[in-house]
Amino acid sequence: MSQVRRFSITEDDIARVVKLFYARIREHEILGPVFNDAVGTGAGNWRDHEAKIESFWKNVVGLDRSFSGNPMMVHAQNHAVKAEHFPQWLALFDATVFEVLTEEKAMQFSAVAHRIGRGLSMGIDTLRGHNQGPPKLFG
């Protein structure tokens, strides 16, 4: 029995999104310094980072299972990364996918990115001890 793919996103789609997205990240006034400090400013460093991110996304959408790493721990251990960065990251990601991909593919990619972003943001706060107890729902 063959596995049904949930995403219509291709490896080429991922490569195009990652390349443009990280070019924009490097120039972003808030996210740029965080990423440049973490990845480095050399072109080779960015190529390696983008290749790892492409591998991550291929794993997420079921195209390839060779990704290894723990994005939660990598982000949580870098104290320059703040939970409040994720809405900015996601807005830039959305702008990129909706520019590069068809609407259907962009919606798929955006939806999974938002789920991952929410998870990373909450996980970072929890691991750093900022999320103590249940959420405060009123006043």
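Which residues does S55 touch, not counting residues up to four places away in sequence? S55 touches S66 and F67, where contact means heavy atoms within 4.5 Å.

## Model and fold

This is a predicted model, in which local features need pLDDT of at least 70, side-chain atom pairs count only at pLDDT 80 or more, and totals for chains, interfaces and linings use all residues. Residues are numbered from 1 along each chain as its sequence is written, and side-chain values use heavy atoms, with hydrogens and water left out.

The chain has six helices and zero strands. Helices (H or I, at least four residues) and strands (E, at least two) are DSSP runs, numbered from the N terminus. The pattern along the sequence is α-α-α-α-α-α. Of the 139 residues, 39% count as buried. Buried means under 20% relative accessible area, exposed over 50%, and partly exposed in between (1.4 Å probe, protein chains only). Among contacts with a separation of 6 or more, 73% come from residues 24 or more positions apart.

## S55 in α3

S55 sits in helix α3 (residues 43-60). S55 is buried, with a relative accessible area of 16%.

## Helix α1

Helix α1 has 17 residues. From first C-alpha to last, α1 reaches 25 Å, close to the 24 Å expected at 1.5 Å a residue. The expected span is 1.5 Å times one less than the number of residues.

D13, I14, V17, V18, F21, Y22 and I25 are buried in α1. Seen down the axis, these buried residues fall within an arc of 135 degrees, so they line one face of the helix. The arc is that of the directions from the helix axis to the C-beta atoms. On the other side of α1, K19 and E27 are exposed.

## Packing around α2

The axes of α1 (residues 11-27) and α2 (residues 31-39) come within 6 Å and cross at roughly 105 degrees. That makes the two helices roughly perpendicular (65 to 115 degrees; under 35 is roughly parallel, over 145 roughly antiparallel, the rest oblique). Axes are lines fitted to C-alpha atoms, for helices over the stretch in contact, and angles run from 0 to 180 degrees between N-to-C directions. Y22, I25 and R26 in α1 meet L31, G32, F35 and N36 in α2. These contact residues divide into four nonpolar, two polar and one charged. Ala, Val, Leu, Ile, Met, Phe, Trp, Tyr, Cys and Pro count as nonpolar, Asp, Glu, Lys and Arg as charged, and the others, Gly among them, as polar.

Helix α5 (residues 85-100) packs on α2 at about 95 degrees, with the axes 11 Å apart. α2 and α5 are therefore roughly perpendicular. Here L31, V34 and F35 in α2 meet H85, Q88 and W89 in α5.
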